[in-house]
Amino acid sequence: MCKSDDNMTPVQPNNPLHGKTLEAILTQLVEHYDWQQLSDRININCFINEPSIKSSLKFLRMTPWAREQVEKLYVVTFTD
């Protein structure tokens, strides 16, 4: 990981998730796909039964494998 000279914060030019919150990632996926299509792509109960950003974030923050799937879908969908 490189550091910028100005403020010694990590610079990750090749990481498409850098600077994105999980909430921003999920919101963008829902806007792009809608809950139905999102649940078709990632079979997670919180996307199927009464889905909401809040409940999905709670689940994704506690479940690393599910978060990883969401992040992978984001990268595939929104990067070249």
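**A walk through the helices and their core**

Averaged over the protein chain, pLDDT (the predictor's confidence in each residue, from 0 to 100) comes to 88, and 82% of the residues score at least 70. This is a predicted model, so to speak of local features we need pLDDT of at least 70, side-chain atom pairs count only at pLDDT 80 or more, and totals for chains, interfaces and linings use all residues. Residues are numbered from 1 along each chain as its sequence is written, and side-chain values use heavy atoms, with hydrogens and water left out.

Start with residues 1–5, where pLDDT stays under 50 and the model has 11 contacts (heavy atoms within 4.5 Å) beyond four places in sequence. Where pLDDT is low, the predicted coordinates should not be read in detail.

Now for the core. The largest nonpolar one (buried Ala, Val, Leu, Ile, Met, Phe, Trp, Tyr and Cys joined through side-chain atoms within 4.5 Å; buried is under 20% relative accessible area with a 1.4 Å probe, protein chains only) has 18 residues, and L26, L29, L38, I44, F47, L60 and V70 touch the most other members. Helices here are DSSP runs of H or I, at least four residues, numbered from the N terminus. Two or more core residues come from each of α1 (22–41), α2 (45–48), α3 and α4, with α1 giving the most, 8 residues. Leaving out residues up to four places away in sequence, L29 touches D34, L38, V70, L73, Y74, T77 and F78.

Finally, look at α3 (residues 53–62) and α4 (residues 64–78): their axes (lines fitted to C-alpha atoms over the stretch in contact, with angles from 0 to 180 degrees between N-to-C directions) come within 5 Å and cross at roughly 115°. The two helices are therefore roughly perpendicular, a label for 65 to 115 degrees. F59, L60 and M62 of α3 meet P64, W65, A66, R67 and V70 of α4.

Methods: Parallel < 35°, antiparallel > 145°, perpendicular 65-115°, else oblique. Buried < 20%, exposed > 50% of the residue type's maximum accessible area, 1.4 Å probe, protein only.
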